[in-house]
Structures are given as C-alpha cells and as structure tokens.
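Hi,

Here is the structure I said I'd pass along. Have a look, and my notes on what turned up are just below.

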Amino acid sequence: MEQNAIENKSVNGGCYCGRIEYQVQLPVKWCAHCHCTQCRHIQGAAFVTWFGVDKNNFGYLKGEQDVAWFDSSAKAQRGHCIHCGTPLFFLGENWPDEIHITRESCREDILQKPQLHVFYDRHVDYLKLHDELDKYGGPDGFTPINIPVPSGE
Ligand SMILES: [Zn+2]
Ligand SMILES: [Zn+2]
C-alpha cells in the first residue's frame, strides 16, 4: 500500500466485552513478539505480540474510564479492562512518546506484520518457534542474540 494511503487509514480495537474501544491512526511504529516474564505472567500467555504507536495517533472511542492501570514495574504501567480483564496497553518510561497495544485487542489489519522477538532468551521451552524473525534478548531484552533457528522437523 502506498505510504500516503496508510497514513489516511485508521483501525479500531478494544477489549473483549466491548466497553473499551480505541482508534489508532496508521502507520504503527513497530510490531514485536515479547517473551519477557512480566508479559507472560500478566497475560497468562506463552508470549505477547505488541504494536507501538505514537501517542498522538491514539485515542479512545469509548470506555477510557473502564481502563485499570497498574505499575507492572518501577518504569512501566499496564492497562486492562476492569470488566473483562483484557490486557490492552503498556506505557513505559523508555518510550515516553509511545503507547504499546496488544496486537490481538485489534481485530483489524494494522498493516504491519510482527518484525522481531524481544526478550527471546526467556522464551518458554514448550513452544517451538520456527520463524526467521530477528531475535533479541540480554538483560535489556533488546540486544541482538544469535539463537539458531531450528531447521524444521
Ligand atoms: Zn472489557
Ligand atoms: Zn514483555
């Protein structure tokens, strides 16, 4: 799609019960799979796929008052629906201009496929990932790591 066509497109998302809806103006800045312990535990999932957008390109359509925020670390807050519990948002000190949004809370095509794995060295051992996306890890989760991609079974 042409860049200016992307810039005229917006997508909507929200929580499972429908009380919270947001709108994002494309393009998104990035999309990544996160394997950090916090994402896995808080969402009860093997990993979590996020996309990041400029805060100026994000807005609520409804339900802002139904978002519960909590400090998931000293430097980050996460927001979920107080009614259905759907994890939706992440705000981090390291990304002051961005809001991070759970990919699966958006039912539309965000025109950006996942590009990389972060905190990959903490990934669960019960799920085999065979993709060829770049893997990052280390103490900050964002250092390139050379974990060989399994050659298939
Ligand atoms: Zn909800
Ligand atoms: Zn994470």
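The largest nonpolar core in this predicted model has 22 residues, and those with the most contacts inside it are Cys34, Trp50, Val53, Ile101 and Val118. At least two residues of this core come from each of strand 2, strand 3 (30–34), strand 4 (48–54), strand 8 (87–92) and strand 9 (98–102). Strand 4 gives the largest share, 4 residues.

Setting aside neighbours within four places in sequence, Ile101 is in contact with Gly13, Trp50, Phe51, Val53, Leu88, Phe89 and Cys106.

Three strands form an open one in the order 1-2-5, and the pairing is antiparallel. Its edge strands are strand 1 (10–14) and strand 5 (58–62), each pairing on one side only. On average, neighbouring strands of this sheet are turned by 30° against each other, direction ignored. Strand 1 and strand 2 (residues 21–25) run antiparallel and are joined by 5 bridges; Gly14 has its bridge partner, Glu21, in strand 2.

One more residue to look at: is Trp69 buried or exposed? Trp69 counts as exposed because it has 11 other C-beta atoms within 10 Å, and the cut-off for exposed is 12 or fewer. Trp69 sits in strand 6 (residues 67–73). Apart from neighbours within four places in sequence, Trp69 is in contact with Gln77 and Gly79. Arg107 is 38 residues away from Trp69 along the chain, and 22 Å separates their C-alpha atoms.

Cheers

Methods. Residues numbered from 1 in each chain as written. Chains lettered and ligands numbered in written order. Predicted model: local features only at pLDDT ≥ 70, side-chain atom pairs only at ≥ 80, totals over all residues. Buried ≥ 20, exposed ≤ 12 C-beta atoms within 10 Å, placed from the backbone. Contact = placed C-beta atoms within 7 Å. Pairing = 2+ DSSP bridges. Axes fitted to C-alpha atoms, helices over the stretch in contact; angles between N-to-C directions. Core = buried A, V, L, I, M, F, W, Y, C linked by C-beta atoms within 7 Å.
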